[in-house]
Amino acid sequence: MQLKLVSQNLVTDNVSVVEGEMAIISCRVKNNDDSVIQLLNPNRQTIYFRDMRPLKDARFQLVNFSDNELRVSLSNVSLSDEGRYVCQLYTDPPQEAYADITVLIPPGNPIIEARDEVLSEGNETEMTCTAMSSKPAATLRWMKGDKELPGKPKVELTYDKMYTVTSRLTFTVSKEDDGVPVVCIVDHPAVKDFQAQKYLEVQYKPEVKIVVEFPQGLTREGENLELTCQAKGKPQPQRVNWVKVDDDVPSHAVITGGDLYIENLNKSYNGTYRCVASNSVGESYDDYILYVYDSRAGEGAPRTVDHAVIGGVVAVVVFAMLCLLIVLGRYFARHKGTYFTHEAKGADDAADADTAIINAEGGHTNSDEKKEYYI
């Protein structure tokens, strides 16, 4: 970002330029009254007076001259060109504006040094990154994969007024770090996308997994068993062994590399079978628990499940029928009592038995007085 400086009618700008490149110095006048413009170097020697160059330095060239501007280029800028340049306007009194030229010197290629070329998982390692001879001092950042890690920087000012920056990084590695790049990124105004990287080589003990090749279901008497031991590590495991925990592997078992094969299983083979793999970093294992079932084990399981389902359905149906019978019984009992009350009403009013019979018969014939309801 350029800083604009104003002195009365005279305007100029500060300039930052990379060493070896070109700087442009512009002296601009507002509302010029035909006053003379000139440009002076930090030693106040005249570089340009109007459109004439008294200074015998061919690196300075006139870019534009008019009543309102004197623009000069300086090619192949070096550190000795750094300083304050003066734009001067011959008025009474004279006016001046100042343009500071800052020379940027990019650092040399960053160098990464690692304490360990080959690492083992769980170990701590240290790396240093150095960016030499820059101006101003560079900033160094570390990335491991897509994660930024904090480093410890150290800045030194050399005899030639340059800066050397060193950053030290310490971290612990895991097996997931194998093949991951560690990148030292240089931030400096004179360069872009400046970095160095080193790939990690991490050794780790084997990862062990037992895979059942046969059978796929229950292990029954008389069947065969085939297990495969898969082991991966760095370096690749030198040895893969099969053992039976707290016992010996059956004498007729066949072991070929990482495969274990046992024929004609019986219950005496029950137990824990372990695959052990090792390399120069360490040792790992995986276990398989063998339980041999009867030869017909599991065959009736589907029928048992069917009977259970059927029994559940029957129980629900029986329960529903019982509930229905209870409800119907209570309903009919209540309406039956009402019928008997209407039927006996004529007999209750009679003085003797003969009259009761007559009244009862008359009650049945007189449909206007006695009504029977059936539901």
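Student: In which sense do strands E22 and E25 pair, and over how many bridges?

Tutor: Strands of a sheet pair through backbone hydrogen bonds, and the pairing can be either parallel or antiparallel. In this predicted model, E22 and strand E25, which covers residues 271–278, pair in the antiparallel sense over six bridges.

Student: What is the order of the strands in the open sheet, and which strands stand at its edges?

Tutor: The open sheet has three strands in the order E22-E25-E26, with antiparallel pairing. Strand E22 (239–244) and strand E26 (283–290) stand at the edges, and because each has a single partner strand, one side of each is left without a neighbour in the sheet. Neighbouring strands of this sheet are turned against each other by 20 degrees on average, with direction ignored.

Student: How many helices and strands does the protein have, and what share of its residues counts as buried?

Tutor: The protein has three helices and 26 strands, and of its 375 residues 33% count as buried. Its exposed surface comes to about 23,500 Å², of which carbon and sulfur atoms supply 52%. As for how the chain is brought together, among contacts between residues at least 6 apart in sequence, 61% join residues at least 24 apart.

Student: Which strands pair with E17, and where in the hairpin of E16 and E17 is a positive phi found?

Tutor: Strand E13 (residues 124–134) pairs with strand E17 (residues 163–172) in the antiparallel sense over nine bridges, and Glu-126 stands opposite Thr-170 in E17. Strand E16 (residues 152–157) also pairs with E17 in the antiparallel sense, over six bridges, and here Glu-156 stands opposite Thr-164 in E17. The hairpin of E16 and E17 has five residues between the strands, and in this hairpin Lys-161 takes a positive phi near 65 degrees.

Student: Which residues does the cis peptide bond with omega of about -5 degrees join, and which peptide bond is cis with omega near 0 degrees?

Tutor: A cis peptide bond joins Lys-135 and Pro-136, with omega at about -5 degrees, and Pro-136 lies in the loop between E13 and strand E14 (139–144). The peptide bond from Lys-234 to Pro-235 is cis with omega near 0 degrees, and Pro-235 has its place in the loop between strand E21 (225–234) and E22.

Student: Is Leu-74 buried or exposed, and which residues does Leu-74 touch?

Tutor: Leu-74, which lies in strand E8 (residues 69–74), is buried, because its relative accessible area is 0% and the cut-off for buried is under 20%. Leaving aside residues up to four places away in sequence, Leu-74 touches Glu-21, Met-22, Ala-23, Arg-59, Phe-60, Asp-81 and Tyr-85. Leu-74 and Ile-24 are 50 residues apart in sequence, while their C-alpha atoms are 6.3 Å apart in space.

Student: Where does Tyr-293 lie, and what does Tyr-293 touch?

Tutor: Tyr-293 lies in the loop between E26 and helix H1 (301–343), and at 33% relative accessibility Tyr-293 counts as partly exposed. Not counting residues up to four places away in sequence, Tyr-293 touches Leu-218, Thr-219, Arg-220, Glu-221 and Lys-267. Tyr-293 and Glu-221 are 72 residues apart in sequence, yet 6.1 Å apart in space from C-alpha to C-alpha.

Student: How much space lies in the largest cavity, and which residues line that cavity?

Tutor: Rolling a probe the size of a water molecule over the atoms shows where empty space is left. In this protein the count comes to one cavity of 30 Å³ or more, and about 30 Å³ of space lies in the largest cavity. The residues that line the largest cavity are Ala-114, Asp-116, Glu-117, Leu-119, Met-127, Lys-198, Tyr-199, Leu-200 and Glu-201.

Technical notes:
Residues numbered from 1 in each chain as written. Predicted model: local features only at pLDDT ≥ 70, side-chain atom pairs only at ≥ 80, totals over all residues. Heavy atoms only, no water. Pairing = 2+ DSSP bridges. Helix = DSSP H or I, 4+ residues; strand = E, 2+ residues; numbered from the N terminus. Axes fitted to C-alpha atoms, helices over the stretch in contact; angles between N-to-C directions. Buried < 20%, exposed > 50% of the residue type's maximum accessible area, 1.4 Å probe, protein only. Contact = heavy atoms within 4.5 Å. Areas by Shrake-Rupley, 256 points an atom, 1.4 Å probe, with all protein chains shown as cover. 1 Å grid on protein atoms, 1.4 Å probe; cavity = no way out; pocket = protein on both sides within 12 Å on 5 of 7 lines; lining within 4 Å. Points joined across faces, edges and corners; volume = space filled by probe spheres on them.
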